[in-house]
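Subject: Structure handover and findings

Hello,

The structure is placed below, with its sequence. My notes on it follow, with the cut-offs given once where each term comes up.

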Amino acid sequence: MMSSYTDHKKELLSNPEFRKEYDALEGEYQALRAIIDARLETGLTQKELAERSGLKQSNISRIETGQSVPNVRTLSQLAKGFGKKLYIEFR
């Protein structure tokens, strides 16, 4: 039995086919995680973030659940809602 999400993820990533698909989506996962983390750090609900950013709460929900991939304009609106600036970086 897996002791944690991290252990389960590590096991899944040992499968080369799974790893390939995961790596292809890594940027989306990182963006999604950054959005969720920023919202939690600021203590905002999705509704509050929607009001501050000018987006619909349903759009924020779809982004956070991975059902929608935000474009740069949407990311900028979210950053504004967090009271932050958007930085995009290639490494």
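R33 has a relative accessibility of 42%, so this residue counts as partly exposed (buried means under 20% relative accessible area, exposed over 50%, and partly exposed in between, with a 1.4 Å probe and protein chains only). Its salt-bridge partner is D37, and the closest N and O atoms of the two are 3.0 Å apart. The term salt bridge stands for a side-chain nitrogen of Lys or Arg within 4 Å of a carboxyl oxygen of Asp or Glu. D37 is partly exposed because its relative accessibility is 31%. Both residues belong to helix α3 (residues 26–42), where they are four residues apart, about one turn of the helix.

Before the rest, the basis of the values: this is a predicted model, in which local features need pLDDT of at least 70 and side-chain atom pairs count only at pLDDT 80 or more, while totals for chains, interfaces and linings use all residues. Residues are numbered from 1 along each chain as its sequence is written, and side-chain values use heavy atoms, with hydrogens and water left out.

Other salt bridges

By the rule above, the count comes to five salt bridges. Side chains of opposite charge can pair when their charged atoms come close. E64 and R39 are both buried. Another salt bridge links E89 with R91, again with 2.6 Å between the closest N and O atoms; here both residues are exposed.

Overall layout

The chain has six helices and zero strands, and along the sequence the pattern reads α-α-α-α-α-α. Helices (H or I, at least four residues) and strands (E, at least two) are DSSP runs, numbered from the N terminus. Taken along the principal axes, the C-alpha atoms fill a box of roughly 40 × 30 × 20 Å. Of the 91 residues, 24% count as buried.

Largest pocket

The largest pocket has a volume of about 940 Å³. Of the 31 residues lining this pocket, G27, Q30, A31, A34 and Y87 are the closest to its centre. Helix α3 gives the largest share of the lining, eleven residues, and α3 and α6 each supply at least two. By type, the lining divides into 19 nonpolar, five polar and seven charged residues.

The terms used there are as follows. A pocket is an open set of points on a 1 Å grid over the protein atoms alone, where a 1.4 Å probe fits, with protein on both sides within 12 Å along at least five of seven lines; lining residues have an atom within 4 Å of a point. Grid points are joined across faces, edges and corners, and the volume is the space filled by probe spheres set on the points. Ala, Val, Leu, Ile, Met, Phe, Trp, Tyr, Cys and Pro count as nonpolar, Asp, Glu, Lys and Arg as charged, and the others, Gly among them, as polar.

Surface patch

V72, L86, I88 and F90 form a nonpolar patch on the surface, with about 450 Å² of accessible area together. Residues in a patch have over 30% relative accessible area and no salt bridge; nonpolar side chains (Val, Leu, Ile, Met, Phe, Trp, Tyr) are joined within 5 Å, like charges within 9 Å. The areas come from the Shrake-Rupley method with a 1.4 Å probe, and for residues only the protein chains shown count as cover. L86 sits in the segment after α6 (72–82) and is partly exposed because its relative accessible area is 32%.

Single residues and distances

- A79 is in helix α6 and counts as buried because its relative accessibility is 8%. A79 and L49 are 30 residues apart in sequence, with 9.7 Å between their C-alpha atoms.
- P70 lies in the loop between α5 and α6 and, at 19% relative accessibility, counts as buried. Its C-alpha atom is 9.2 Å from that of I60, ten residues away along the chain.
- K84 lies in the segment after α6 and is partly exposed, at 42% relative accessibility. K84 and E17 are 67 residues apart in sequence and 37 Å apart in space, C-alpha to C-alpha.

Regards
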